[in-house]
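Hi,

Here is the structure I promised to pass on. Have a look at it first, and then read my notes below.

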Amino acid sequence: MPSLRAILMSGMILSFGASPALAQQPGQQRPTREQLLRQIEQRFMARATNEMGLGAEQAEQLRSTAARFARERRGLEQADRDIKRGLQ
């Protein structure tokens, strides 16, 4: 059985492919970064909840955990950018 981390990463990777297509439809205003991130999170949660057969409480725990890791990841990415900028 795949680990929760593997499922989370797979869902995030699969979700990223759909968002750029939405932003490229002619005649529509381009969504903001925040809107795209929210769409990715919603689609991921719906798919993960469905595929893993999660109940409402379990889905909320997964959402909370995914949000915590996203915050940590953003912090690490910012620190990485700062370090790279300092090396230039």
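Let's start with the rings: a search of the whole structure finds 0 aromatic pairs (rings of Phe, Tyr and Trp, the last by its six-membered ring, pair if their centres lie within 6.5 Å). There is a charge over a ring, though: the charged end of Arg-68 sits over Phe-69, 4.9 Å from the ring's centre (NZ of Lys or CZ of Arg must be within 6 Å of the ring centre and within 35 degrees of the ring normal).

Keep in mind that this is a predicted model, where local features need pLDDT of at least 70, side-chain atom pairs count only at pLDDT 80 or more, and totals for chains, interfaces and linings use all residues. Residues are numbered from 1 along each chain as its sequence is written, and side-chain values use heavy atoms, leaving out hydrogens and water.

The chain's mean pLDDT (the predictor's confidence in each residue, from 0 to 100) is 83. Confidence is lowest in helix α1, residues 4–23, with a mean of 62, and highest in α3, at 93.

Now for α2, residues 33–52 (helices are DSSP runs of H or I, at least four residues, numbered from the N terminus). Its buried residues (under 20% relative accessible area, 1.4 Å probe, protein chains only) are Leu-36, Ile-40, Phe-44, Met-45 and Ala-48. They lie on the same side of α2 because they cover an arc of only 165° around the axis (taken from the directions from the helix axis to the C-beta atoms). On the other side, Gln-42 and Asn-50 are exposed (over 50%). After α2 comes Gly-53, with a positive phi near 60°.

Cheers

Key
Helix = DSSP H or I, 4+ residues; strand = E, 2+ residues; numbered from the N terminus. Expected span 1.5 Å × (residues − 1). Phe/Tyr/Trp six-rings, centres within 6.5 Å; stacked < 30°, edge-to-face > 60°.
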